[in-house]
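Hi there,

Here is the structure I said I would pass on to you. Have a look at it first, and then read my notes below.

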Amino acid sequence: MKFKSVFDIIGPVMIGPSSSHTAGAARIGRVARDLFGRQPKWAKIHLYGSFAETYKGHSTDVAIIGGLLDYDTFDERIKTSFEEAGKLGMAFEFIPETASVEHPNTARIVIGDERSEMSLMGISIGGGKIEITELNGFPLRLSGNHPAILVVHDDRSGCIANVANCLYKYDINIGHMEVSRKEKGDMALMVIEVDQNVDKEVLDELTELPNITQVTRIAD
């Protein structure tokens with residue numbers, strides 16, 4: 001097995017105790033915050049497998065809340081994230097689940113405010129690395145380790161080409177791309193991992209393309 005970095009072996013710089021249960025959990029929470037685009041007012045966190053069994057002892061709970069507050073894995077404030085969430089008025093609830101899942105370190109995070117809500121499922125795969133496997137009912141595979149753009153669009157001919165051409169115009173290279181849809185001709189989702197952070201100018205231009213309904217970015 002080849003590793004790109006020593007951190008692939010020992011894990012990220014982080015608040016402990018566990019790269020899988022703490023650092024990975026924080027990253028799942030932070031990606032949820034990024035995709036929501038603002039500080040949520042409430043959160044319901046459903047925990048599965050070993051997350052459900054050990055979330056208090058391994059600080060999975062404070063890590064996820066820290067991520068939802070936009071704290072990175074090494075941020076000392078993760079330790080006091082419950083108190084910090086209270087200061088911001090964010091209510092939260094942890095719900096251990098008994099249903100079987102494909103991966104033992106799985107969390108479903110449902111967050112919202114008076115404007116909207118969002119549901120995300122993520123898994124911590126080890127060494128602080130994660131995958132987002134579902135977003136608002138769309139299956140996907142998003143690592144959270146690279147800048148990414150999520151494009152919600154109508155399932156129409158030419159949408160993918162228009163988005164790709166826009167990124168080409170700004171010399172933005174696509175590293176990985178997946179497209180899913182709920183039904184033929186219905187709402188669809190593009191998940192595009194890119195090699196550099198995407199400026200607001202690009203996001204605005206993508207939003208103006210035909211049949212595009214929402215564009216969200218995840219920064220590196």
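The side chains of serine 119 and arginine 108 are joined by a polar contact of 3.2 Å. (A polar contact is a pair of N or O atoms within 3.5 Å; within protein, one must be able to donate a hydrogen and the other to accept it, and residues adjacent in sequence count only if both atoms are side-chain atoms.) Before you go on, note that this is a predicted model, where local features need pLDDT of at least 70 and side-chain atom pairs count only at pLDDT 80 or more, while totals for chains, interfaces and linings use all residues. Residues are numbered from 1 along each chain as its sequence is written, and side-chain values use heavy atoms, with hydrogens and water left out.

Back to serine 119, which sits in strand S4 (residues 117-126). Helices (H or I, at least four residues) and strands (E, at least two) are DSSP runs, numbered from the N terminus. Is serine 119 buried or exposed? Its relative accessible area is 18%, so serine 119 is buried (buried is under 20%, exposed over 50%, partly exposed in between, with a 1.4 Å probe and protein chains only). Leaving out residues up to four places away in sequence, serine 119 touches Arg108, Ile109, Val110, Glu134, Leu135 and Asn136, where contact means heavy atoms within 4.5 Å.

Next, look at threonine 60, in helix H4. With residues up to four places away not counted, threonine 60 touches His21, Ala25, Phe51 and Tyr55.

How many of the residues of H4 are buried? Nine of its nine, so H4 is mostly covered. Just after H4, aspartate 70 has a positive phi of about 75 degrees.

H4 also has a helix partner. The axes of H4 (residues 60-68) and H5 (residues 81-88) come within 8 Å and cross at roughly 40 degrees, which means H4 is oblique to H5. Axes are lines fitted to C-alpha atoms, for helices over the stretch in contact, and angles run from 0 to 180 degrees between N-to-C directions. Angles under 35 degrees count as roughly parallel, over 145 as roughly antiparallel, 65 to 115 as roughly perpendicular and the rest as oblique. On the H4 side, Asp61, Val62, Ile65 and Gly66 meet Ser81, Phe82 and Ala85 of H5. By class, that contact has four nonpolar, two polar and one charged residues (Ala, Val, Leu, Ile, Met, Phe, Trp, Tyr, Cys and Pro count as nonpolar, Asp, Glu, Lys and Arg as charged, and the others, Gly among them, as polar).

There is another helix pair to find. H6 and H7 (residues 200-207) pack at about 155 degrees with their axes 10 Å apart, so H6 is roughly antiparallel to H7. Val163, Cys166, Leu167 and Lys169 of H6 make the contact with Val202, Glu205 and Leu206 of H7. Those residues divide into five nonpolar, no polar and two charged.

Finally, aspartate 171 lies in the loop between H6 (159-169) and strand S8 (174-181). At 65% relative accessibility, aspartate 171 counts as exposed. Its C-alpha atom and that of glutamine 196, 25 residues apart along the chain, are separated by 9.9 Å.

Cheers
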